[in-house]
Amino acid sequence: MIDEVGRVTRPDQTSTVVVEADLGRSAPSAEAGPEAAGQAGRQTSRTGVDETHVVRPLPVLRGPLRLQSRGSGPRDRGEPLGKMGSAEHIDMEVMTPLMEDSGPCSEETSEEDHDPELVPVQRHYELRSLQGITFPQTLIHLLKGNIGTGLLGLPLAVKNAGIVVGPVCLMLMGVVCVHCMHILVACSHHLSERLKRPPMGYSETVALAMENSSHRCVRKGAAFGRHLVSFFLVLTQLGFCSVYFVFLAENVKQVVKGYWGNRTEAPGAAGNVTAEMSPGTPVESWGLDLRLYMLFFLPFLVLLVFIRDLKNMAVLSFLANLCMAVSLVVIFQYILSDVGSPHRLPSTASWRKFPFFFGTAIFAFEGIGVVLPLENQMKEPKRFPQALNIGMGIIIVLYVALATLGYLHFGDNIKGSITLNLPQNAWTNQMVKILYSFGIFISYALQFFVPAEILLPPLRARLPERWRGPCELVVRTLLVSLTCFVAVLIPRLDLVISFVGAVSSSALALVFPPLVEVIVFTDRKSRAAMLLKDILIAMFGFVGFLAGTYVTVEEIVYPEMGALVLDAQTSENIYNTSGLLDQNFTAPSSAIPM
């Protein structure tokens, strides 16, 4: 029963518990003495108390709650919440707001039940189940995140490895990259569940893994690890943007050349200034420099990145995906029309060219940055590994098919992008370049969104309110100008792709994920096998990073040697093909008329 002061008593016991205004604590009666005062949640026991009847502390409520002792309403029996007796109950008018505010309570509470970080986790999963993306949408996003300029450069990558070694190594690299994506997702899940944190991104996963390591030196470097991953993310995305500048300039330049070249080659046109040495490689005396085309795109891309909300680009993004899909269909139709014999191509290439293959191939698997955001937004996150396997399986097959067939069709004349090899005398080929260029133009803003979200928030936090908008636009303009400047410095599409892939993509895709797994899963039974596997993957990525960076920088700084060798080989092939060289050629003086 409940007495006048609010004590809950039992007829067969002498112990009492005072339930005060705030049900988050229970105080002993005054008869228990000063030593028991202030100890919430304890029952003052005396001789003869039945220890099985314990009044457990109630959870903290958002508002005050008082027990009503007037009238003949039901009373409490002193049992846990939710177990209502027939003789003694708490008034239902009092319990109703308790159940509405705090929900179902367990018999025992701990500090974790009131952890404020649990609320965002539960809210996130509830919202994700209602507003998340579906399984087919996840597949589409995976395909979009990995199909770009890197796909079109894979035929040249196969040339740098060989017609046999190239496809095999490309498939193996794809499998390793997908495995590293699974590692990243597993580590993020494990840390989120263990630390009761909401789903995390790439840099936060690395930072929390290092913060909770058992090694002190690793814990000290957690902040550095976060900044290092963020740095490589920014470097990779801005590198993609630089590649887009070169791709847009080269393809639009070919479209312009093809248009004016077809006009000057009309029947009866005298004084033709266009001389085509081979399909797709016209030489005009009036042609503009490639860097001028890059500068032409600069103001338009600056205006494009001023769009801060990606929701406003949903229609443009859909159109870009559609244009790129149509372009790929036309490209496959063209290269399948005449597949050359693989016997005329070398099965393996020189070992000095393999780092170029590594940089281009790892650049193509550019979707590791979108893995965690996609998994965090799925309605059914448990199905994400299945979506990842299906989506990346389709991508690997597409990569190997286009790389192999493209190299078989064009042979040693393959260029940094397969679109540059398409002849200019057909309107369908010109349409492919225009459509794919439009898709890449829109993708520039999507790729630029990641570095903007990493770099701009700290800047906005340090500025007054009135200066945030103008300063953000200035920073966006400077970043776009920086990507254009890098493209102007390195106007070769194959070198830019290989350099970005070797420097930044290798670290994100191959080095960081296995190292994070070693730090997170320290208690696995098969730790020795996991450790060996992760070390081999990380070493492969690190060696590729060093070798790819070295040969690419060497080619950028000293392009004369490579250009001379390439020109000599090209000239020899042209003369041998046209029959201008004779095996019995003796002396040039014999051809001089007397």
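Me: How do the axes of helix H6 and H18 cross, and at roughly what angle?
Reply: This is a predicted model, so treat every value as computed from it. Helix H6 covers residues 165–195, and its axis comes within 12 Å of the axis of H18. The two cross at roughly 120°. That makes H6 oblique to H18, because angles over 145 degrees are needed for roughly antiparallel and 65 to 115 for roughly perpendicular.

Me: Which hand does the crossing of H6 with H18 have?
Reply: H6 passes H18 in a left-handed crossing.

Me: Which residues in H6 and H18 meet?
Reply: From H6 come Met-173, Val-176, His-179, Cys-180 and Ile-183. From H18 come Lys-533, Asp-534, Ile-537 and Phe-540. By class, this contact of H6 with H18 has 6 nonpolar, 1 polar and 2 charged residues.

Me: H6 also packs with helix H14. What are the angle and the distance between their axes?
Reply: The angle is about 160°, and the axes are 10 Å apart. H14 runs over residues 384–410. H6 is therefore roughly antiparallel to H14, since the angle is over 145 degrees. The crossing of H6 and H14 is right-handed.

Me: Which residues of H6 meet H14?
Reply: On the H6 side, they include Pro-167, Leu-170, Met-171, Gly-174 and Val-175. On the H14 side, Phe-384, Pro-385, Leu-388, Asn-389 and Met-392 are among them. The contact of H6 with H14 divides into 15 nonpolar, 4 polar and no charged residues.

Me: How do H17 and H18 pack?
Reply: Their axes are 8 Å apart, at an angle of about 165°. That makes H17 roughly antiparallel to H18. H17 passes H18 in a left-handed crossing. The residues of this contact are 18 nonpolar, 7 polar and 5 charged.

Me: How many residues apart in sequence are Ile-519 and His-215, and how far apart in space?
Reply: They are 304 residues apart in sequence and 9.1 Å apart in space, C-alpha to C-alpha. Ile-140 and Ala-387 give another such pair: 247 residues apart in sequence, 9.9 Å apart in space, again C-alpha to C-alpha. Ile-140 is placed in helix H3, residues 135–146. Ile-140 is exposed, at a relative accessible area of 52%.

Me: What share of contacts in the protein join residues at least 24 apart?
Reply: The share is 77%, among contacts between residues at least 6 apart in sequence.

Me: How should I read the largest nonpolar core? Which residues touch the most other members?
Reply: Start with the general idea. In soluble globular proteins, nonpolar side chains tend to be buried together. Here the largest nonpolar core has 127 residues. Those touching the most other members are Leu-170, Tyr-202, Phe-245, Tyr-436, Tyr-444, Phe-448 and Val-480. Helix H9, residues 222–264, gives the largest share of this core, 15 residues.

Me: What is Tyr-436 in contact with?
Reply: Set aside its neighbours within four places in sequence. Tyr-436 is then in contact with Ile-147, Gly-148, Leu-151, Leu-152, Phe-247, Met-324, Ser-327 and Leu-328.

Me: What phi does Lys-196 have?
Reply: The general idea again: most residues other than glycine have a negative phi. Lys-196 has a positive phi of about 55°, although it is not a glycine. Lys-196 lies in the loop between H6 and helix H7, 202–211. Lys-196 is partly exposed, with a relative accessible area of 26%.

Technical notes. Residues are numbered from 1 along each chain as its sequence is written. This is a predicted model: local features need pLDDT of at least 70, side-chain atom pairs count only at pLDDT 80 or more; totals for chains, interfaces and linings use all residues. Side-chain values use heavy atoms; hydrogens and water are left out. Helices (H or I, at least four residues) and strands (E, at least two) are DSSP runs, numbered from the N terminus. Buried means under 20% relative accessible area, exposed over 50%, partly exposed in between (1.4 Å probe, protein chains only). A nonpolar core is a set of buried Ala, Val, Leu, Ile, Met, Phe, Trp, Tyr and Cys residues joined through side-chain atoms within 4.5 Å. Contact means heavy atoms within 4.5 Å. Axes are lines fitted to C-alpha atoms, for helices over the stretch in contact, and angles run from 0 to 180 degrees between N-to-C directions. Angles under 35 degrees count as roughly parallel, over 145 as roughly antiparallel, 65 to 115 as roughly perpendicular and the rest as oblique. A crossing is left-handed if the near helix is turned anticlockwise from the far one by less than a right angle, and right-handed if clockwise. Ala, Val, Leu, Ile, Met, Phe, Trp, Tyr, Cys and Pro count as nonpolar, Asp, Glu, Lys and Arg as charged, and the others, Gly among them, as polar.
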